Amino acid sequence: MSARTSPATQFEKIPVVIHPSAAEAAAALAAEVRDLILERRAQGKAAVLGLATGSTPVPFYRELVRLHREEGLSFHDVITFNLDEYYGLARDHRESYFRFMQEQLFAHIDLKPENIHLPDGTVPLDGVFNHCAAYEQAIVDAGGIDLQILGIGRTGHIGFNEPGSSQDSLTRLIPLDLVTRQDAAPDFLREENVPRFAITMGVGTILRARKLVLMAWGGNKADIVAKAVEGPETEAVSASFLQSHPDARFVLNADAAGALTRIRLPWLVGRAEWTPKEIRRAVLWLALTDKKPVLKLRDGEYNEHGMAELLTRYGNAYNLNIEIFNRQQHTITGWPGGKPNADDTHRPERAAPFPKTVLVFAPEPQDDSLGMGGTIERLVSQGHDVHVCYMAGGDLRVTDAEAVRFARVLLETAEQQSGGWSEQTEYARGVLEEIETKGPFGDPPARLRRLKALIRRGEARDSALTLGVKPGQIRFLDLPFYTEGRYRQFRLSEADIAAVGSVLATLRPHQIYITGNLADPSSVQGVAFQAFQAAWEARAGQAWRKHCHVWLYRGQQTEFAPHEIQMAIPMSPDQLSHKLSAVQKFQSHTVPELLDGERNRVTARLYDALGTAEYEAIEAFRRWEG
Ligand code: F6R
């Protein structure tokens, strides 16, 4: 039975392959591309590849480079066409897609420059139409695209075909959607710097490729992926047009597949394996869907939603309800470090030892206070030995204007000293000059990045102190993957893993908290987590590790859903305001929508809706078992 027609995938209108990780998916796809190149070469033809930019294809390009370097795969006769380019950016611009492709792929393989095609972002407005027509013609002249690689934007775009793009649209100039511009904001430092237009292949151009592979990694893509795969074909989600292509498929990791019916609601497609986790998920889903507290769910509601089997197991709804209610109730605790001398049978964390050594990792400054500020404060006030460790410097989020302000203060201070502080004066002038010379989009020199990291560091320190962390227990790792990298292009190295490992070795904590964003493996949080994971695994045999619990929190991503939460730390209105005052210490960059504590209020409202308890706000955690 093909995946398309099995009961589990009955709602899926495009074939979907789910891989355990992005790296494995990328390796399989790269092998397919290798086979295609060799097959076309054997036929005396050139393989024509359609390429995409963004963070998604990065692991795939790394694998192609590896195949070239280590397995001798040549690209000498391969022809490439990229999907799109920002309008207004020259090829050497730091954020141009041309430069991205050079850095990620072209410079590392033997592709001929004349075989590389990208739309030109600098053609004058009155030349755009002809330029786009010529791009279409070049694809036709090359014999059409054999395999087109795609990513998907949160708007459902492929290429830059934003909502509203028609199925037969061709290469053209298009305004970028607000969500797309927000997603690109970190690359350009702020939203207003993101170009407003791009030149993109049309949906029609893309659909003419003989084979289409759309890749997506991470939970932040899960909803839009499900819409494209299971929803109607619609201009509102241009990726949904892949449904009518004869040879298109989605290649996903488990997180990006998370909202497909077979994964999200498997009991609706006859595929549920009723593990304790799955039962909890199903019951909470039913309660929230039917807007009833868990203890009020009845047999009929279970039957109507494909969960009759659960009733058979438990005898009746009441037995099932009470079990799930108790489990949810037991996630709530005011004692994140465990309650000393109390029975801990049903508590998320052990009572002993007390006090505990607690290590909070913040991949980027502010992740800690945003995600678990209230919990940090509780841990400190309950007598635990709390250490906060900032992994990345965070300077890429600090604007030039902020650096100018600090450099000017330093300059004035230095100039006012009798005799003058010549070195300091020279330093401050140097920084100001660097900012001037590089312009708004130039690569920031190391010295400027360092100053910005110090600005961020000052804010992080203030914030941690507000939460009661002792000054000597705040660490800054300045991991090299970040210091030497840029958004979407971070690379983990042994030096990162060693730095994280040395903190583990020094502290041998009883509890570790880290933000678990595996949603986007190429994000700062994703790479930082991989550094932690490698350092953790390298210490597999050590005694302290057996007694160490690792808790995941959410930094800037969507909060855990109620069924995922294993520890819920409630906050009173006053505790929430205190937490927010720590979050607000970050002045140089902040995400305004995260500053009002609404996310923690939403979790509290969900607990209330489930009938457990009514609090002002809740911070949520999940155990990581390695
Ligand atoms: C890039 C492109 C876009 C991206 C999409 C996802 O050439 O055409 O459609 O594939 O915006 O971007 P990432 O991979 O950065 O999440």
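How much space lies in the second largest cavity? About 130 Å³.

This is a predicted model, in which local features need pLDDT of at least 70, side-chain atom pairs count only at pLDDT 80 or more, and totals for chains, interfaces and linings use all residues. Residues are numbered from 1 along each chain as its sequence is written, and side-chain values use heavy atoms, without hydrogens and water.

A cavity is a set of points, on a 1 Å grid over the protein atoms alone, where a 1.4 Å probe fits but cannot get out; lining residues have an atom within 4 Å of a point. Points are joined across faces, edges and corners, and a volume is the space filled by probe spheres set on them. The whole structure holds four cavities of 30 Å³ or more.

| Cavity | Volume |
|---|---|
| Largest cavity | About 230 Å³ |
| Second largest cavity | About 130 Å³ |

The second largest cavity has 14 lining residues. Glu95, Tyr97, Phe100, Asp187 and Arg488 are the closest to its centre. Helix H3 (residues 97–104) gives the most to this lining, three residues. Helices are DSSP runs (H or I, at least four residues), numbered from the N terminus. The second largest cavity lies between domain 1 (16–259) and domain 3 (357–396 + 456–624), because both give residues to its lining. These bounds come from an automatic or database domain assignment.

The largest cavity is lined by 21 residues. Nearest its centre lie Arg94, Asp187, Leu189, Leu396 and Pro444. Domain 1 and domain 3 each supply at least three residues to the lining of the largest cavity.

Notes: 1 Å grid on protein atoms, 1.4 Å probe; cavity = no way out; pocket = protein on both sides within 12 Å on 5 of 7 lines; lining within 4 Å. Helix = DSSP H or I, 4+ residues; strand = E, 2+ residues; numbered from the N terminus.
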